[in-house]
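Dear colleague,

Please find the structure below, handed over for your records. The findings follow directly after it.

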Amino acid sequence: MKKNYNYTRCKLFLPEYGRHIHEMVASLLEIEDRRERTRQAKAVIAVMGNLNPLLRDTADFTHKLWDHLFIMSDFQLDVDSPYPRPSRQDLTVAPRRMPYSQRCILFKHYGKYVGEMIRSLVGKSSPDVSRTVDNLARYMRAKSYEYNQEHPNNEVIIKDIRQMSGGNISIDEAAINNLRSDYKQHFTAHPQKGPQRTGGRPVQKGRNNPRARQGNYQQNHQGQHQGYVKNGRSYNSTK
């Protein structure tokens, strides 16, 4: 018996429709009568629409089905379609190449737009510019902490601003020291409530405390044991 594997069959142009729909479309090419071929093509369109019954009544979906019918026939089917017949060139148009920026980012942990904003402030003098530089310095300090996981040095922020502006913008170190820090502080554990012993460990309560168990044992068995000393070590003996 000859086995028919999928790799020996023809390639499916639209695999989501399955092989049976492709075989129905291939059978349309063997019909010689144009009117009969058109009628059978409409029947195939109806079967294709049954795969998505919620969308088969919309005009755009019907147009898409006819386009898929021509695609599955490798654009060889000649029928009377209610929509313009697509061509291979219309469906294989290469997309427009998107231009990518090849500019080098000087400080990647600050981002690209920080450098652009600093360069846009060169040559301008107004109170708003100084306020903007202060906000950028605060933002740079926060991003530097997120990237390096340590508190940034103000001298580094001032040096980076001067370098990104080409030496045209300088910020006072005293002014940057007065800026509010927006970066995250180190996590500090909340102090534990209740009495604590020396060394920070809380005092255990109840039955789990070994000292409490020892005190209860001595209280309940007081007078039942008598101790004696042997070889420098003390022992207890029951009466």
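Two aromatic pairs turn up in a search of the whole structure, which is a predicted model. Rings of Phe, Tyr and Trp (its six-membered ring) pair if their centres lie within 6.5 Å; planes under 30 degrees apart count as stacked, over 60 as edge-to-face and the rest as tilted. The pair of Trp 66 and Phe 70 is tilted, because the ring planes stand at 35°, with the centres 6.5 Å apart. These two residues are four apart in helix H3, so about one helical turn separates Trp 66 from Phe 70. Helices here are DSSP runs (H or I, at least four residues), numbered from the N terminus. Both Trp 66 and Phe 70 are buried, where buried means under 20% relative accessible area, exposed over 50% and partly exposed in between (1.4 Å probe, protein chains only).

The rings of Phe 107 and Tyr 110 form a tilted pair as well, with centres 5.7 Å apart and planes at 50°. Phe 107 counts as buried at 14% relative accessibility, and Tyr 110 is buried at 2%.

As to the conventions, residues are numbered from 1 along each chain as its sequence is written, and side-chain values use heavy atoms, with hydrogens and water left out. Local features need pLDDT of at least 70 and side-chain atom pairs count only at pLDDT 80 or more, whereas totals for chains, interfaces and linings use all residues.

A pocket is an open set of points on a 1 Å grid over the protein atoms alone where a 1.4 Å probe fits, with protein on both sides within 12 Å along at least five of seven lines; lining residues have an atom within 4 Å of a point. The volume of the largest pocket is about 200 Å³. Helix H5 (residues 112–120) gives the most to this lining, with four residues.

Yours sincerely

Methods
Points joined across faces, edges and corners; volume = space filled by probe spheres on them.
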